[in-house]
Amino acid sequence: MSPKRSDICHIFSLIFFLLLLGQTPLRAQADLDPSTMSQQEKALLMQAQEATKESRQRKNKYIYGYIDRKHKMSENLKHIAAMYGVTWAVYPLSQPDVFKEKGSWKNSRKNFGQLVFDKDEPFWNWFVHPISGSQLYLYYRANGYSRIDSMGMAFISSTLFEFTVEIYTEPASIQDLYQTPVLGSFLGVGLENLSMYLLNSGNAFARTIGHIINPTTLFWFYEGKVQVLPQTNFQDRHSLMIRVGF
Amino acid sequence: MKSIIAVLILVTSLSAQAYRYKFNLKGGINQTWADIKGTDNSEDLLHGTGFNTHFGYKWKYFELTFSSYIYWGEMDGLQFNAQGETIRGEGKFRHVSFGPILRYQFRGVQPFKNWFLFAGLGPVWSLQTIKMDDDFTSTGPKFNRDRKLTFESTGGILAIGIEEDLPYKEMHPVFIELVYSYKKSRKLSVVDASDFTETDILSVEEADQDLSGHFFGISVGFTVF
């Protein structure tokens with residue numbers, strides 16, 4: 001079977017396109033000898049190279065990370081109160097049937113102060129609670145708490161949940177008290193590292209996954225979003241402008 | 001005698017480089033072997049795999065941690081009494097324990113360069129869950145494949161190990177420890193496990209020593225932060 005005319009045209013177009021790709025300014029500039037150039041020519045060449053580099057790389061608008069800082073007691077209380085409010089909203093929404101069928105204020109009074117070993121399946125104790133603990137940990141990390149402080153704050157938040165919210169349906173559980181902040185922090189550190197890697201990759205898909213596994217990076221309170229703007233006159237002045245939102 | 005004790009204290013407490021006066025979180029994986037006894041002299045040697053976590057504070061020579069050891073294994077040939085029935089067979093065994101452990105760090109004893117020795121002791125509260133496989137016998141109709149037995153146990157734990165002597169916890173010092181614990185059951189609950197979303201406790205009864213055992217384990221882990 002002989003090739004069609006349109007196929008030959010396609011092949012020629014492809015070869016022409018590949019040749020064009022090979023003749024980029026960067027390649028042309030690489031052949032130049034800087035030792036024979038004036039200062040102005042060097043500056044122009046540098047500018048051109050920078051422009052080429054800019055056009056060929058993935059641009060990160062922000063650098064994601066965590067900035068640990070100290071917090072006032074009033075700030076700690078504000079965060080604990082905020083998370084406490086969230087748990088009251090999330091608990092009935094996440095388990096509506098249990099909340100409706102088993103929950104009552106009478107139960108709350110009966111369960112208040114009790115601490116038992118729960119008999120829940122591993123799915124709850126080793127999956128659901130550590131995941132919620134990890135999100136608590138990441139919330140505090142996003143608000144500038146160090147790793148150990150985030151774990152401590154997650155412990156306070158989950159203890160408040162166990163002793164005042166969950167008792168609406170069941171007594172506080174020893175496993176949940178320990179595993180929510182501790183296993184949650186373990187998982188949280190892993191999610192933190194993975195999400196930072198993905199968010200700083202510059203890849204839109206990876207960035208989306210990064211935000212999904214660490215959603216606190218999307219909120220206004222996230223303090224680790226840093227914008228770094230390079231500034232240069234391509235001669236003798238070079239600087240970096242860093243913008244951090246608090 | 002006094003001078004020997006004084007020398008021992010001096011040698012085992014020599015200042016080292018490890019971090020101090022800091023909260024820390026450690027975690028690792030563990031392998032456990034246990035000699036477990038059920039009712040009517042039934043006995044089984046069990047092997048379990050799992051992980052352990054320790055959240056605590058480190059002073060100069062002491063360290064107090066709240067520790068948890070979790071592992072899964074399989075048991076065979078054990079007999080239990082629940083709801084007036086005698087149950088015997090093989091199945092899955094899950095173990096979770098919590099408790100404070102006070103460790104003393106022998107800073108002067110370095111079995112390897114930049115590793116120090118430690119020993120710890122503490123009480124332990126534990127929950128052991130047994131889920132029978134299809135191959136089990138029961139003397140009554142109440143117990144079936146959808147039920148699980150949960151034993152609440154108490155006991156003690158002894159840990160001896162070595163830990164890397166590093167100046168900062170951010171360098172993630174590694175630890176290796178041998179753990180021995182003894183536990184005996186206090187309370188037995190029969191739980192309906194047919195629906196994993198709901199926990200339905202069918203009965204709770206006293207179960208003094210219905211399940212007891214010596215647990216030997218090795219765990220390897222590191223300081224996470």
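For the entries on charged pairs I count a salt bridge where a side-chain nitrogen of Lys or Arg lies within 4 Å of a carboxyl oxygen of Asp or Glu. The model I consulted is predicted.

Entry 1, the chain interface. I looked up the pairing of E121(A) and K148(B): their side chains form a salt bridge, with 2.6 Å from N to O. I then asked how many salt bridges the rule finds across the interface of chain A and chain B. The count is 2.

I noted that chain A contributes 23 residues to the contact and chain B contributes 34 residues. The two chains bury about 2,400 Å² between them, and carbon and sulfur atoms account for 74% of it. On the chain A side, I found that F117(A), K119(A) and Y178(A) lose the most area to chain B, together 30% of what that side buries.

I examined α7(A), residues 122–142, against α9(A), residues 174–199; their axes are 6 Å apart and the packing angle is about 60°. I recorded the crossing of α7(A) past α9(A) as right-handed. Among the residues making the contact I listed W126(A), H129(A) and Y137(A) from α7(A), and Q179(A), L183(A) and L187(A) from α9(A). By class, I logged 9 nonpolar, 12 polar and 3 charged residues in the contact of α7(A) with α9(A).

Note on methods:
Residues numbered from 1 in each chain as written. Chains lettered and ligands numbered in written order. Predicted model: local features only at pLDDT ≥ 70, side-chain atom pairs only at ≥ 80, totals over all residues. Heavy atoms only, no water. Axes fitted to C-alpha atoms, helices over the stretch in contact; angles between N-to-C directions. Helix = DSSP H or I, 4+ residues; strand = E, 2+ residues; numbered from the N terminus. Left-handed = near helix turned anticlockwise from the far one by under 90°. Contact = heavy atoms within 4.5 Å. Nonpolar A, V, L, I, M, F, W, Y, C, P; charged D, E, K, R; others polar. Buried area = accessible area lost by both parts, 1.4 Å probe.
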